[in-house]
Amino acid sequence: MNGDQKSNAYAQEKQDFIQHFSQIIKVLTEVEIGHPETGDAIVRLKEVLEYNTIGGKYNRGLTVLVAFRELVEPKNQDADSLQRAMTMGWCVELLQAFLLGADDIMDSSFTRRGQTCWYKMPGVGLSDVNDAMLVESCIYRLLKFYCRGQPYYLNLIELFLQSSYQTELGQSLDLITAPQDHVDLARYTEKRYKSIVKYKTAFYSFYLPGIDGEKEHANAKKILLEMGEFFQIQDDYLDTFGDPSVTGKVGTDIQDNKCSWLLVQCLQRGTPEQLQILQENYGQKDPKKVAQVKALYEELNLPAVYLKYEEDSYSRLVSLIQQYAAPLPPAIFLGLANKIYKQKK
């Protein structure tokens, strides 16, 4: 298959994946939507799912399909197996929607995927906390509906529970490291940053979507946790220097007092005078203070530092793939790496 053929095949697979969402909605809502007691709540659930799950890049969900295509023998890629694979992909996307919905509230975010955050919509507010929990529960309803009779059913449940737990630990580390009412620059170390990234992003974004077998898991982990770290650093960079019309969200890391990669780099490179400017302006809502911090990042040439990191990280990933991909097809990992490398949103 040449480059154009691969691109067309991926585009078709993505379209098929997106179309499968209507089946997901049907399974989760059709039977109960007219229930005399819970019908109104199911109508709300349908609205929540359609608003919060659609509109992203679908990289996490599509990775499940890539793994399915590469790892399952062609003779076993029947319609039912493909449907289960697409559903598992949507379970990963639902986990993402649940986590982002909660994260937007905690970060007081305004936009997500080019639209107003759900909790900011009229009549929603903090009821989004319950909406997020409903979205999470849908994962396990789908697993039961599609996979209860499969030998890997229990493994799937344990995998999603463990990934959720690890991500929530990472979120907790993020929140207690960077309380919005107290700026303590001494807490923002590279070691703490790497721990937050590993647990908050890397596990569920890259390690979750679907490698089986003990040896395969161990090898994949070496590659995918590195990839997850790169993905979060890229996200941190785009939060401050990305174009909101492209990223689909207005970055708030500076005003939210976040332990971001840019902040850690600034702390490592800044002079005492520059760090004093940082101390006086970081973690505050005043747009002028936010601009001061961004100007400091530019003064320290952090955009160029990021571009150098991006090149070095990609080289490390390729080296790790060459070293640890076997017995899995390297194409799985290279495809993932190429999707996020030089990404602008």
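Biologist: Leaving aside its neighbours within four places in sequence, which residues is Gln166 in contact with?

Modeller: Bear in mind that this is a predicted model. Gln166 sits in helix 7, which covers residues 153–177. Once neighbours within four places in sequence are set aside, the contacts of Gln166 are Tyr199, Lys200 and Phe203.

Biologist: Is Gln166 buried or exposed?

Modeller: The cut-off for buried is under 20% relative accessible area. Gln166 has 12%, so the label is buried.

Biologist: How is helix 2 oriented relative to helix 6?

Modeller: Two packed helices are described by the angle between their axes and the distance between the axes. Here helix 2 (residues 21–29) packs on helix 6 (residues 128–147) with the axes 10 Å apart and an angle of about 95°. That makes the orientation of helix 2 to helix 6 roughly perpendicular.

Biologist: And which residues of helix 6 do Gln23, Ile24, Val27 and Leu28 meet?

Modeller: Those four belong to helix 2. On the helix 6 side, their partners are Cys138, Arg141, Leu142, Phe145 and Tyr146.

Biologist: What is the phi of Asn257?

Modeller: Most residues other than glycine have a negative phi. Asn257 lies in the loop between helix 10 (244–247) and helix 11 (261–269). Asn257 is not a glycine, yet its phi is positive, near 65°.

Biologist: Is Asn257 buried or exposed?

Modeller: Anything under 20% relative accessible area is called buried. Asn257 comes in at 0%, so it is buried.

Biologist: Where does Lys342 lie, and how does its accessibility class read?

Modeller: Lys342 also has a positive phi, about 60°, without being a glycine. Lys342 is in the segment after helix 15. Its relative accessibility is 39%, so the class is partly exposed.

Methods. Residues numbered from 1 in each chain as written. Predicted model: local features only at pLDDT ≥ 70, side-chain atom pairs only at ≥ 80, totals over all residues. Heavy atoms only, no water. Axes fitted to C-alpha atoms, helices over the stretch in contact; angles between N-to-C directions. Helix = DSSP H or I, 4+ residues; strand = E, 2+ residues; numbered from the N terminus. Parallel < 35°, antiparallel > 145°, perpendicular 65-115°, else oblique. Contact = heavy atoms within 4.5 Å. Buried < 20%, exposed > 50% of the residue type's maximum accessible area, 1.4 Å probe, protein only.
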